[in-house]
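Here is a brief report on one structure. Keep the sequence and the 3D view side by side while reading.

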Amino acid sequence: MSAQPEPALLHSEEEEALRAAVRDLLTDHCDPAGVIARSESAAVHDVPLWKALSDAMGLAGLLIPEELGGQGASHRETAVVLEELGRAVAPVPYLTSAVVATEALLACGADDLLGELASAATVAALAVGLHVAPGGAFASVRLEDGTLHGELTGIADASAADVLLVPADDGGLYAVRTADATVVPQVSLDLTRPVARVALDGATGRRLGEAGPAVRRALRTGAGLLASEQLGLADWLLTETVRHLKERRQFNRRVGGFQALKHRLARLWLEIAGLRAAARNAADALATGADTDIAVAVAQAHAARVAVHAAEEALQLHGGIGMTWEHPVHLYLKRAKADSIAYGTAGAHREALAALVDLPAP
């Protein structure tokens with residue numbers, strides 16, 4: 001029996017080059033003031049930024065095979081992109097379209113739609129509530145006389161989608177053009193990733209395949225790579241807080257020199273280092289298929305607490321300015337809080353992990 005290869009937790013030169021390119025683009029086109037202004041407008045999604053990422057850089061097709069027009073890359077490269085998007089709380093449908101919807105389409109073998117996503121001609125959204133964990137029960141609509149009827153709630157980035165991937169009660173997953181559905185915005189804590197209610201009243205759809213395995217695959221990948229987004233959030237928050245404390249002065253000395261604050265930052269650094277390993281391991285497991293369920297559960301059992309803790313510390317240590325609407329830390333806190341229930345809570349992933357390693361409850 002051959003031993004499994006060790007997970008590759010370090011980034012390759014190509015991955016670091018990808019990181020640098022994405023970060024440069026976001027530095028130029030996704031500054032904090034712009035994200036705040038967009039979050040307060042009716043047009044939350046940054047369409048020009050999405051076009052630059054998906055079309056000019058070809059990142060929408062990272063997980064799509066080359067023969068379908070994609071990049072044929074792995075989840076490792078996708079994780080790098082998501083980490084950088086997390087650092088900028090970029091209001092683009094990358095996780096929902098280029099990862100979750102793409103994985104569902106790959107499971108169904110929907111080559112034509114995958115080609116549309118790879119060419120940046122189409123944005124897709126899986127019409128399953130953002131809160132649903134991998135393997136969890138999800139709502140479906142009714143299939144009556146060949147048309148779809150019903151409502152689905154909590155659908156992330158539905159307002160940016162051209163195509164909705166809708167589970168129906170016959171067990172199928174259907175592609176429905178968003179123009180044939182009614183998309184109603186719902187109140188969301190995260191101003192940069194809006195959710196909506198999708199209503200279908202006699203909409204026509206094309207059956208792509210079985211919903212069960214496609215949704216499970218999509219949500220597992222979404223949960224695993226969400227950890228990289230949460231890592232990016234936490235890392236930016238720590239870096240920005242350290243920078244602020246080095247500049248801020250109190251009692252005629254830099255605030256960053258106070259030992260109590262150094263201890264808090266050191267603890268946070270250690271937590272983020274652990275998250276970095278867990279997120280990287282999840283991305284590597286998704287790429288190789290080795291112990292994927294365990295790696296994803298471990299990453300998500302850890303990620304939410306670290307990201308939220310980083311946001312709370314940043315808010316407190318920025319003092320009065322951190323409480324203002326003009327400073328972006330509130331966007332990071334809201335994204336961290338929303339991410340903590342996306343694709344399953346930490347508690348749900350701990351329960352899944354206990355079952356996977358055969359650890360009975362006390």
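## Asp157 and its contacts

The side chains of Asp157 and Thr96 are joined by a polar contact of 2.7 Å. A second polar contact, of 2.8 Å, links the side chains of Asp157 and His45. A polar contact is a pair of N or O atoms within 3.5 Å; within protein, one must be able to donate a hydrogen and the other to accept it, and residues adjacent in sequence count only if both atoms are side-chain atoms. This is a predicted model, in which local features need pLDDT of at least 70 and side-chain atom pairs count only at pLDDT 80 or more, while totals for chains, interfaces and linings use all residues. Side-chain values use heavy atoms, without hydrogens and water, and residues are numbered from 1 along each chain as its sequence is written.

Asp157 sits in the loop between β3 (147–156) and β4. Helices (H or I, at least four residues) and strands (E, at least two) are DSSP runs, numbered from the N terminus. Leaving out residues up to four places away in sequence, Asp157 touches His45, Val92, Pro93, Thr96, Ala125, Arg193 and Pro194. Contact means heavy atoms within 4.5 Å. Asp157 has 2% relative accessibility, so it counts as buried. Buried means under 20% relative accessible area, exposed over 50%, and partly exposed in between (1.4 Å probe, protein chains only).

Asp157 is not a glycine, yet its phi is positive, near 60 degrees. Asp358, also not a glycine, has a positive phi of about 60 degrees. Asp358 lies in the segment after α11 (346–356). Asp358 is exposed, with a relative accessible area of 66%.

## The sheet

An open, mixed sheet holds four strands in the order β1-β4-β5-β8. β1 (124–126) and β8 (206–210) are at the edges with a single partner strand each, so one side of each has no neighbour in the sheet. Neighbouring strands are turned by 25 degrees against each other on average, direction ignored. Strands pair if DSSP finds at least two bridges between them.

Strands β4 (residues 163–167) and β5 (residues 172–177) run antiparallel, joined by five bridges. Val163 has Arg177 in β5 as its bridge partner.

## Helices

Helix α5 (residues 94–108) lies across β1, β4, β5 and β8, at about 75 degrees to β1. Axes are lines fitted to C-alpha atoms, for helices over the stretch in contact, and angles run from 0 to 180 degrees between N-to-C directions.

Of the 37 residues of α7, 28 are buried, so the helix is largely enclosed by the rest of the structure.
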